[in-house]
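Trainee: Please take one part of this model, the nonpolar core, and look at it closely. Then connect it to the rest of the model.

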Amino acid sequence: MKPKILIVDDEPSIVMTLEFSLKKKNFEVYIARDGNEAMFVMENVHPDAVLLDIMMPNIDGYETLSFIKNNPAYKNTKIIIISAKDKPSDIEKGLALGADRYIIKPFALKKVITDINELLNL
Amino acid sequence: MNSWHLIVVVVSYLGLLFALAYWAEHNKNNKWLNSAWIYALSLAVYSSAWTYYGSIGTAATTGLQFLPIYLGPVIAFPIWVLVMRKTIRIAKIHKVSSIADFLSVRYGQSRRLGALVALVLILGVVPYISLQLKAVSETFAILTGNNINHSVSPLYDTAFYIALLLAVFAAIYGTQKIDATEKHKGIVFSTAIESLVKLFFFLVLGVYVTFYLFQGPSDLFHRMENIPYFENLITLNNESAGFNWFFAIAMSFFAIFLLPRQFQVTVVENHNENEIKRAIWFFPLYLLIFNIFTPFIAWAGIITFGGASDPDYFALSLPLHQGNTFLALLVFVGGLSAVVSMVVISTLALSTMVSNNLVIPYGFLNKFIKEAPETNIAYIKSIRRISVFLVIVTAYIFYKNFSVNVSLVSIGILSFVVVSQLAPSYFLGLYWNRGNFMGAFMGIIAGISLTAYTLIAPFIVETFTGASHQFIELGPWGISALRPYSLLNTGFLSPSAHAFFWSMIVNFSVYVFFSLTTKGNYRERNFAELFVHNYRLEKPDENGYVWKGEAYVTDIKALLSRFLGPETANRELAGFFVRNRIDPKTEAADARLVSFSETLLAGSIGAASSKILISSVVKEEQITLSEVLGILEESKENMARKRSLEEKSRELLVISKKLKEANLQLIFKDKQKNDFLDTVAHELKTPLSGIRAASEILIEEDDISESDKMQFLTVIMNETDRLSRLINNILDFEKFSAGRQKMHFERNEIKLTVDKSIASIKQLAGNKKIWIHKKSFDTIVLEYDEDRIIQVITNLLSNAIKFTEYEKGYISIDCKTIDRNLELTVENSGKSIQQDDLPFIFDKFYQSHEQTTKKPVGSGLGLAICKHIIEEHNGNIWAHANVKNGAKFTFSIPIKQPIV
């Protein structure tokens, strides 16, 4: 079975490139444009990993992260934050809330793929 | 009118006043009762029967001489406010219950001066009260159609019974509390009501006479022109009349401060200083209204009766002459109101002085020291009550024996001259700290002696001999310079003006002379400093009192208990200890406690008695005057130091608050700058990320379809465009923010500019199949920077396109001149702007919380830049509130006036 990856971001160009690369590596890809959509997808799909942007309209990345981490059903779900916020305090906050990795934009697709493989022991 | 009917009316009216007073005493906290209106109205106790009936008499006989009695108070009023504010403060601090007590405290808690002032006022006011009784008696007779018969026995005289009823009224509602500085709400409230009643009925009479009996003032004036002496009534026809006028004004000027009934309602019954503010305009206005009709009624009387009726009672005889008994009855009730309020308040004030400044200090102190509290309280109240009856009975006797044949006005004037003798002690005492006891005492004695010689003695002689006397005509021993009505040949003045002039000159001179040449004791000087210097009146200041000696708290407490009862005494002392931060177990009493205790008792037994009693339980050391001045100077410095410290600490507080604010602002600005940089970085990194990822795919992926390749190359191109747009916007915004953006103002036609804007955005609208509708467009030419305005319009239009639905939506653009402003509006269908977003929509990088779907293409700086541009044109830009199914933005810029 293909591992399921959820991309949460509101930037079309980023979603588009991530989606293309992940599909090439044989992942099953789902897309959400903000926190609300992400929660909806989570409930229905139970992805193995989530690629999460922070600065989004409505429910932002931190809130979405807390929501995922507070639900025992997702305790094995890996979270990778991909954000332009690059201050140490931002990174600390993300990791403290339970993210597994923190990747700063602009990012290398290769790095994203490596991290997912590592986290999912592929 | 039948006597018995009238008696029923009188008794019912007095019963009503009793009921009002009863109600007020039992509803002390009622809002109306404590309002400044009641205070202002009660001041009108000034208008007595003299005003009510006598002014008409004066206006009919001597013309304009009726006016000074009102002009004095009206002229005095600005000064009155200042002097009274100070007096009220002092009176509250020292618990002063009357003007006698006030002067007694000022001149060193002097027992002798208090007694002298009380005597002077009895001499001045008792005839004045008798005048009121005379008015009641005579008006009663006029109304019942009887002859005025003054030889009737008191047992058959209505005035006697009315006097007794008033005494009962004053005794009941005036002596409920042992402390005479407590407020007498019942009496004051009924006085205020009486002020309304007398004014109202007098006005009714005035309108009746002027407009019903005659055809208005001009009609009266024309008819009066036939009367030979009319000219004299409406002009001051010679110098002596001018002098008389002047002195009459001066006299009533003093009276408004010094009359015991005025002092009672103004000072003793005052709740707080703010009440004065209402009185400032209300009282002069009251007097003015009262006098509008006086001359007309007087003229009407002259025209109707000639010399056949007593002018003093034209107010009654005019309606009676027309057979209008009912109106005459109303006028009578109004006059009765004037009498009742004047008699009750005057009696209350006089009885307080008689008890606290005459009887108690000279007869009862030794007794009080031995007796139990209940006995003492009962004694003090009995003394007051007996004083009330004594005052009224004396006034009645005076009326029976002296004032029968004298007009209302002449006795009133006599009272004013006597009362004026307190003026030097009062006014100079308030503002000159060298004024001392000897000056005050001798000044009053001298002034009264002169008044007695120039006014009272001839008055008595004339009353008893019925005619002029050799003594008056030729002077004693035939020395013409000593004639009582013409000292040093100043007989061109009227007798009252003459007496006033000479007694005042002598009184003031003697006061100043003795104050400068004699050295008062230290206590006088102490109180002089406390009265004169305003800074000592800011709050009750027990520190200003200089006292040295040996005293014990237990002794003082025992004494206080004798008058206040142990409970009140303990409570008051406990309050004192807390206020001054003194250990309640302290045994030795200090100056502050002595001063406090003296003040505490002063309200009940008068300041002088209180001082004597306290000094009987303490051992006071004599202090020299220079020592007192030294201590006062020190305490003054202490106060000044304390005040400057307080001021400094207040200043420091303000400064530290300002610093905090400035700091917060700096932090805020700093945070804003950081936020801005963060947001800019984020906004720049987002397209960079897209470019970076798309490039990576193009480099890394070998097997990539042509269409995918095209897609990623397009991403790179679009994101690059977005980057450069963003950078331009950021630079623009920074330039506007720093005010470095240069504008190129030129005359342009707005229609053409709008066309250019639409052309530049046509492609974008066409893509979404949206039609941009141009509404009304006048030809408007004005000065603006065209490139920048195109930027604004384009921005508004592209926002509108962004939020408008594909194919279905519409966009309109409209341009008008409104109030010399160009107003351009862009409106689109689609989602409405959230009410919460409106205030922030022009902030940089503001994104609506409601904004779902994908992020709109834009820098987040567009509207912020628009705002800057429009502000550079001195205009405004705003989003309309409450637009349903769409959004509406308008900017307006002023069309400058063409230079002609």
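**The core and what surrounds it**

Mentor: The largest nonpolar core contains 202 residues, and Leu258(B) and Ile297(B) have the most contacts inside it. A nonpolar core here is a set of buried Ala, Val, Leu, Ile, Met, Phe, Trp, Tyr and Cys residues joined through C-beta atoms within 7 Å. Buried means that 20 or more other C-beta atoms lie within 10 Å of the residue's own, exposed means 12 or fewer, and partly exposed is in between, with C-beta atoms placed from the backbone. The helix that gives the most to this core is α16 of chain B (residues 325–370), with 20 residues. Helices (H or I, at least four residues) and strands (E, at least two) are DSSP runs numbered from the N terminus.

This is a predicted model, in which local features need pLDDT of at least 70 and side-chain atom pairs count only at pLDDT 80 or more, while totals for chains, interfaces and linings use all residues. Residues are numbered from 1 along each chain as its sequence is written, and chains are lettered from A and ligands numbered from 1 in the order in which they are written.

Leaving out residues up to four places away in sequence, Ile297(B) touches Ile56(B), Leu205(B), Gly206(B), Val209(B), Phe314(B), Ala315(B) and Leu318(B). Contact means that the C-beta atoms of two residues, placed from the backbone, lie within 7 Å. Apart from this core lies another, of 38 residues, which include Leu22(A), Met42(A), Leu51(A) and Ile116(A).

Now take Asp312(B), which sits in the loop between α14 (294–305) and α15 (314–321) of chain B. Asp312(B) counts as buried because 26 other C-beta atoms lie within 10 Å. From C-alpha to C-alpha, Asp312(B) is 8.9 Å from Trp50(B), although the two are 262 residues apart in sequence.

Helix α26 of chain B (residues 607–617) also has buried residues: Ala607(B), Ala608(B), Ser609(B), Ser610(B), Lys611(B), Leu613(B) and Ile614(B). These pack against several helices of chain B, namely α4 (68–94), α5 (99–106), α6 (111–144), α16, α24 (553–579) and α25 (591–605).

Strands pair if DSSP finds at least two bridges between them. Axes are lines fitted to C-alpha atoms, for helices over the stretch in contact, and angles run from 0 to 180 degrees between N-to-C directions.

Strands β8(B) and β9(B) run antiparallel, with four bridges, and Trp878(B) stands opposite Thr890(B). They form a hairpin with six residues between them, and Asn882(B) in the turn has a positive phi of about 55 degrees.

Chain A has five helices and five strands, and its elements run β-α-β-α-β-α-β-α-β-α from the N terminus on. Of its 122 residues, 46% are buried. Its five strands form an open sheet with parallel pairing, in the order β2-β1-β3-β4-β5. The edge strands are β2 (28–32) and β5 (101–104) of chain A, each pairing on one side only. Strand β1(A) (residues 4–8) and β2(A) pair over five parallel bridges, and Lys4(A) has Glu28(A) as its bridge partner. Helix α1(A) (residues 12–24) packs on this sheet and touches β1, β2 and β3 (49–52) of chain A, its direction making about 165 degrees with that of β2(A).

Where the chains meet, 22 residues of chain B are in contact with 21 residues of chain A. On the chain B side, α27 (625–700) and α28 (706–737) each supply at least two residues, and α27(B) gives the most, with 12 residues.
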